[in-house]
Amino acid sequence: MIHPDDDGADEWALRWRARIWVGGGVFIALALITFGIWAVATADRPDGGPAVIRGLPAAGPADAAPGGFGMRVKSVRCGVSAVGPDGLEQRAQGQFCLLDVRVTNNGLEPELFDSSAQRVYDTNGAAYAVADEAAVFLNDDSPTLLDEIEPGSSVNGVLPFDVPKDAQLSEVSLNGSTATPGIRMSLPTAE
């Protein structure tokens with residue numbers, strides 16, 4: 001039996017109290033991490049991705065925000081069945097819709113434009129990604145969308161999208177990269 005005046009009893013109780021506090025802290029940390037994961041996994045997301053912006057006037061060079069890319073869709077051409085040189089052409093599963101774009105680097109350093117981050121949407125809300133292999137054939141001028149774009153410089157290029165033959169494109173989502181939310185805006189009428 002331990003005598004009440006014995007220092008060993010106080011040391012034993014102090015160790016157990018410390019263990020209880022540490023165990024409680026670990027439990028609370030795990031509970032907060034679990035809640036954080038649950039909150040992110042169940043967060044409401046707008047249907048169709050990024051915010052839709054309609055009816056805004058065209059932005060001029062003075063309106064460009066520093067950093068990132070500015071992009072202007074000059075025209076849309078649909079109904080193209082294949083692109084590329086004979087023998088190497090890329091055939092569309094449906095049809096290629098080609099967006100003629102002008103991309104401006106608003107940043108302070110040369111950057112690569114991530115064409116794979118761009119999406120078009122049809123009138124039913126279905127999204128379509130850039131057909132990367134077709135983009136190589138369509139952007140063979142110098143400089144191209146595939147090269148680094150110098151700060152303040154603009155490059156013309158073509159973004160091809162393989163869409164069903166009956167698809168009617170209505171909007172495009174413009175993104176600097178896959179990590180940015182981008183903006184969604186109406187497309188000009190296809191030629």
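Me: In which helix is I33 found?

Reply: Please bear in mind that this is a predicted model. I33 is found in helix α1, which covers residues 7–41.

Me: Is I33 buried or exposed?

Reply: The relative accessible area answers this, and values over 50% count as exposed. I33 has a relative accessible area of 52%, so it is exposed. I33 also belongs to a nonpolar surface patch of about 490 Å², made together with V22, V26, L30 and I37.

Me: How should I describe the overall fold, and what order do the elements of the protein chain follow?

Reply: One begins by counting elements and then reads them in order. The protein chain has two helices and nine strands. From the N terminus on, the order is α-β-β-β-β-β-α-β-β-β-β.

Me: How much of the protein chain is buried, and what is its accessible surface?

Reply: Of the 191 residues in the protein chain, 27% are buried. The accessible surface comes to about 12600 Å², and 57% of this belongs to carbon and sulfur atoms.

Me: Which residues touch the most other members in the largest nonpolar core?

Reply: The general idea is that nonpolar side chains tend to be buried together in soluble globular proteins. In this structure the largest nonpolar core has 24 residues, and L99, V120 and L159 touch the most other members. The elements that give two or more residues to this core are β1 (69–83), β2 (90–105), β7 (154–163) and β8 (169–174). Apart from this core lies another, of seven residues, which includes A92, F96, L98 and A131.

Me: Which residues does L99 touch, if those up to four places away in sequence are not counted?

Reply: With those neighbours left out, the contacts of L99 include V73, S75 and V76, as well as V120. Also among them are G157, V158, L159 and F161, together with V172 and L187.

Me: How many aromatic pairs does the structure hold?

Reply: A pair of aromatic rings is described by the distance of the centres and the angle of the planes. The structure holds one aromatic pair. The ring centres of F69 and F113 are 5.4 Å apart and the planes stand at 85°, so this pair is edge-to-face.

Me: Where do F69 and F113 lie?

Reply: F69 lies in strand β1, while F113 lies in the loop between β3 (111–112) and β4 (119–122); the pair therefore ties together parts that are 44 residues apart in sequence. To judge burial, recall that under 20% relative accessible area counts as buried. F69 is buried, at 17%, and F113 is buried as well, at 7%.

Me: How many salt bridges are found in the whole structure?

Reply: Side chains of opposite charge can pair when their charged atoms come close. In this case, a search of the whole structure finds four salt bridges. One of them joins R77 and D100, with the closest N and O atoms 2.9 Å apart. Because R77 lies in strand β1 and D100 in strand β2, the pair ties together parts that are 23 residues apart in sequence. R77 is partly exposed, with a relative accessible area of 30%, whereas D100 counts as buried at 15%.

Me: How far apart are D122 and Q168 in sequence and in space?

Reply: Separation in sequence and distance in space should be read side by side. D122 and Q168 are 46 residues apart in sequence, and their C-alpha atoms are 5.2 Å apart in space. D122 lies in strand β4 and is buried, with a relative accessible area of 7%. Leaving out residues up to four places away in sequence, D122 touches Y128, A167, Q168, L169 and S170.

Notes: Residues numbered from 1 in each chain as written. Predicted model: local features only at pLDDT ≥ 70, side-chain atom pairs only at ≥ 80, totals over all residues. Heavy atoms only, no water. Patch = residues over 30% accessible without salt bridge, like charges linked within 9 Å, V, L, I, M, F, W, Y side chains within 5 Å. Areas by Shrake-Rupley, 256 points an atom, 1.4 Å probe, with all protein chains shown as cover. Salt bridge = Lys/Arg side-chain N within 4 Å of Asp/Glu carboxyl O. Helix = DSSP H or I, 4+ residues; strand = E, 2+ residues; numbered from the N terminus. Buried < 20%, exposed > 50% of the residue type's maximum accessible area, 1.4 Å probe, protein only. Core = buried A, V, L, I, M, F, W, Y, C linked by side-chain atoms within 4.5 Å. Contact = heavy atoms within 4.5 Å. Phe/Tyr/Trp six-rings, centres within 6.5 Å; stacked < 30°, edge-to-face > 60°.
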